[in-house]
Amino acid sequence: MSEVYPNDNELLNLQADGETGVEYIATGQSPYYLQFRKLLYRLLQATRRANDLRAFDEGGLNIGVKAGRFVAGTQVVNYAGSSGNTLADNQANIFIYLTDAGALVTNEYSGFPDMGTTPHVRLAVVTTSNGDITAIEDYRVLMRA
């Protein structure tokens, strides 16, 4: 994807994105708010899998992990998602991951396990301070254990 927008004329004449199939709102389409909601719906449909296994801040020291699936060996593992996972306070790095059996680990402070000896799916590295989460770095590059 180019980091530069097409010229105005090209942009106004775009019908749909070739890769995702998301349609653009035609100029003059009415009612605009309904067309905008349809556009949002199509975008959400196109990006739904990007939310799989995403760690997110629930306030305080709690994180949640969105439902999703990954491949462990030759098996597809479904993770139902979770919430209210309380993390330790004042930690520079908390390594959040799923074991190949789908168990969530939130108490690892030295690093992710070695993939060769402990298959796992890396989700995030979280930083906590003064009773709050201060950073969540997404590590979901390849969801395979």
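Reader: What makes β6 and β8 a pair?

Author: Six bridges join β6 to β8, and the two run antiparallel. Two strands pair if DSSP finds at least two bridges between them, so β6 and β8 qualify. Within this pair, L98 stands opposite V121 in β8. Bear in mind that this is a predicted model: local features need pLDDT of at least 70, side-chain atom pairs count only at pLDDT 80 or more, and totals for chains, interfaces and linings use all residues. Residues are numbered from 1 along each chain as its sequence is written, and side-chain values use heavy atoms, leaving out hydrogens and water.

Reader: Why are β7 and β9 said to stand at the edges of the sheet?

Author: The open sheet has four strands, in the order β7-β6-β8-β9, with antiparallel pairing. β7 (104–108) and β9 (132–138) each have a single partner strand, so one side of each lacks a neighbour in the sheet. On average, neighbouring strands here are turned by 30 degrees against each other, direction ignored.

Reader: How do you know that β1 and β2 pair?

Author: Four bridges join β1 (residues 55–59) to β2, running antiparallel. G59 has N62 of β2 as its bridge partner. The hairpin of β1 and β2 has two residues between the strands, and G60 takes a positive phi near 60 degrees there. By the way, strands are DSSP runs of E (at least two residues) and helices are runs of H or I (at least four), numbered from the N terminus.

Reader: What makes a set of residues the largest nonpolar core?

Author: This core has 17 residues, and those with the most contacts inside it include L53, F70 and L87. To belong, a residue must be a buried (under 20% relative accessible area, 1.4 Å probe, protein chains only) Ala, Val, Leu, Ile, Met, Phe, Trp, Tyr or Cys, joined through side-chain atoms within 4.5 Å. β8 gives the most to this core, four residues. Apart from it lies another core, of five residues, among them F95, V105, F112 and V125.

Reader: Which residues does L87 touch?

Author: Not counting residues up to four places away in sequence, L87 touches L61, I63, I94, I96, T106, V126, T128 and I133. Contact means heavy atoms within 4.5 Å.

Reader: Which helix supplies the largest share of the lining of the second largest pocket?

Author: That is α2, with four residues. α1 (8–13) and α2 (32–47) each supply at least two residues of this lining. Of the 15 residues that line the second largest pocket, those closest to its centre are L14, Y24, I25, A26 and T27.

How values were computed. Buried means under 20% relative accessible area, exposed over 50%, partly exposed in between (1.4 Å probe, protein chains only). Axes are lines fitted to C-alpha atoms, for helices over the stretch in contact, and angles run from 0 to 180 degrees between N-to-C directions. On a 1 Å grid over the protein atoms alone, a cavity is a set of points where a 1.4 Å probe fits but cannot get out, and a pocket is an open set with protein on both sides within 12 Å along at least five of seven lines; lining residues have an atom within 4 Å of a point.
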